[in-house]
Structures are given as C-alpha cells and as structure tokens.
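Trainee: I have a new structure open. Can you walk me through it?
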Amino acid sequence: MSGDEPAADRGGAGPEPNPDHLASEREAIVEYAPTLADLTPGRTGNLSVRRGDSFAVTPTGVPYDAFEPADVPVVGLDGAQEAGRMAPSSEVPMHTGIYRHDAPGAIVHTHSPWATTMATLRRPLPPIHYMIVAVGREVPVAEYAPYGTEELAANVVAAMAAAESDAAILANHGLVVTGPDLETAVENTRHVEDLCRLYLRSSAIGEPHVLSDEELTAVEARFESYGQQPTEE
C-alpha cells in the first residue's frame with residue numbers, strides 16, 4: 001500500500017483553501033492526476049510540483065478525478081501544510097526529502113506493475129535501451145523502508161545520488177521519477193515502466209545485452225539536440 005489511504009474530508013480543520021497559493025501548480029496536479037490511473041493500481045500513486053520552498057501534491061486517498069485545485073494541498077519543505085482543503089499524501093516525507101536534496105521541479109511516484117515487479121526482485125534497471133538516458137544510465141534500487149517515513153526518503157535520495165539518476169526503484173514498493181516539470185516527469189515515468197517491461201520480458205528468454213558507457217555517451221550527446229530547437233525570428 002502506498003500510504004495514500006484515508007480520504008480527507010472537505011472543509012475539515014486545517015489550512016484555508018487559499019486558491020492563489022501555487023495556483024498554477026495546483027492546476028497541474030488536477031490536470032495530470034488522472035494519468036496515474038493508467039500507471040498505478042487503485043489510489044496508490046502520488047505526484048507533486050514545486051515552486052520555491054513549497055510544492056503542490058496529490059491529496060491522500062482520493063480518486064484521481066475527484067478533486068479540484070482548491071482541494072490540492074500545498075506543503076512547505078518543512079513538511080507543514082500551507083493550503084488546500086484536503087490532507088496531503090502520506091508520502092510527503094519522500095517528496096520533501098528529494099526536493100531538499102536535488103530540487104527538481106516535479107516528482108511522480110507509482111506502483112506501476114513492471115517497475116514494481118523489479119522492486120520485488122530488488123533488481124536495478126540496466127541500460128538495455130538508449131531511452132534510459134532520459135533519467136540516467138541506470139535506475140537504481142533504494143533500500144526498503146516503510147512507506148511515508150524519513151528513512152524511505154533518505155534511502156531514495158541516496159540511491160538516486162549514487163547512480164546519478166532521476167529515478168529509483170523502491171525495494172518491495174514501487175517507482176519514483178523526478179523531472180524539471182510534471183509533464184516531463186510523467187513522460188519519463190512511462191519510459192521507465194516500458195523499459196522495466198522490456199527488461200523482464202527479454203530476461204525470460206535470455207540475458208539482455210546492455211549498452212556500454214561509450215554508447216551511452218553518444219546517445220547523451222544526440223539527446224542534447226533532440227526535438228524542436230528554438231529559432232530566431
């Protein structure tokens with residue numbers, strides 16, 4: 001279970017809605033929350049978007065299409081709720097831990113089936129396909145700790161830092177992916193989930209070949225100029 005368990009009641013004791021506090025970030029949470037339904041079972045995922053020393057995060061135990069921007073909790077890097085009509089995800093310690101250490105713009109956490117299969121095997125994702133460079137050269141495994149704890153947050157931060165990766169597989173738990181913005185973090189979550197599926201399927205037939213450091217360096221260089229580049233008018 002993710003820790004996103006009991007639903008918060010609207011209008012209960014807590015911060016005032018204050019809809020202007022991180023308004024665009026709270027709108028992004030509402031926009032992207034339904035994508036979690038395609039990535040994770042039940043209500044077991046969460047995501048957040050940061051601006052400055054605060055971040056908007058999915059509320060706990062609520063269907064992904066059942067809340068609006070004023071409901072979305074805003075939490076400071078100290079873990080205190082600053083706004084929102086609903087209580088935040090109980091994975092707030094993991095989000096605050098990552099933001100304090102690496103300061104990405106957004107975080108996605110899922111129990112997506114293929115990455116979670118890797119988590120139960122406690123197996124890192126090696127560079128079997130060039131798309132892994134979207135998050136690094138491998139996806140490491142963070143040591144197990146109970147959900148919603150500072151210990152889990154520390155394990156995730158340590159694993160990502162050691163591997164210089166923007167993602168980590170959480171032992172016997174799931175997956176976390178960071179990005180400069182929520183759109184990128186969600187997209188890269190899909191990449192990692194697809195690569196976990198590819199790795200597990202190919203491992204059922206034989207031992208997958210991995211890309212060398214030289215091959216990954218070449219891919220990283222090509223990725224720097226990938227996509228539409230800005231043009232001068």
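Mentor: We will take the sheet, then the helices, then one serine.
Mentor: This is a predicted model, where local features need pLDDT of at least 70, side-chain atom pairs count only at pLDDT 80 or more, and totals for chains, interfaces and linings use all residues. Residues are numbered from 1 along each chain as its sequence is written, and side-chain values use heavy atoms, with hydrogens and water left out.

Trainee: What is the strand order in the sheet?
Mentor: The open sheet of eight strands runs 4-3-2-1-5-8-7-6, with mixed pairing. Strands (E, at least two residues) and helices (H or I, at least four) are DSSP runs numbered from the N terminus, and two strands pair if DSSP finds at least two bridges between them.

Trainee: Which strands stand at the edges?
Mentor: Strand 4 (81-83) and strand 6 (141-142); each has a single partner strand, so one side of each lacks a neighbour in the sheet.

Trainee: How do strand 5 and strand 8 pair, parallel or antiparallel?
Mentor: Antiparallel, over five bridges, between residues 106-110 and 174-179. His109 has Val176 in strand 8 as its bridge partner.

Trainee: What does helix 5 touch?
Mentor: Helix 5 (residues 150-163) packs on the sheet and touches strand 6, strand 7 and strand 8. Contact means heavy atoms within 4.5 Å.

Trainee: New topic. Is Ser48 buried or exposed?
Mentor: Ser48 has 0% relative accessibility, so it counts as buried; buried means under 20% relative accessible area (1.4 Å probe, protein chains only), exposed over 50%, partly exposed in between. Ser48 sits in strand 1 (residues 46-51).

How values were computed:
Axes are lines fitted to C-alpha atoms, for helices over the stretch in contact, and angles run from 0 to 180 degrees between N-to-C directions.
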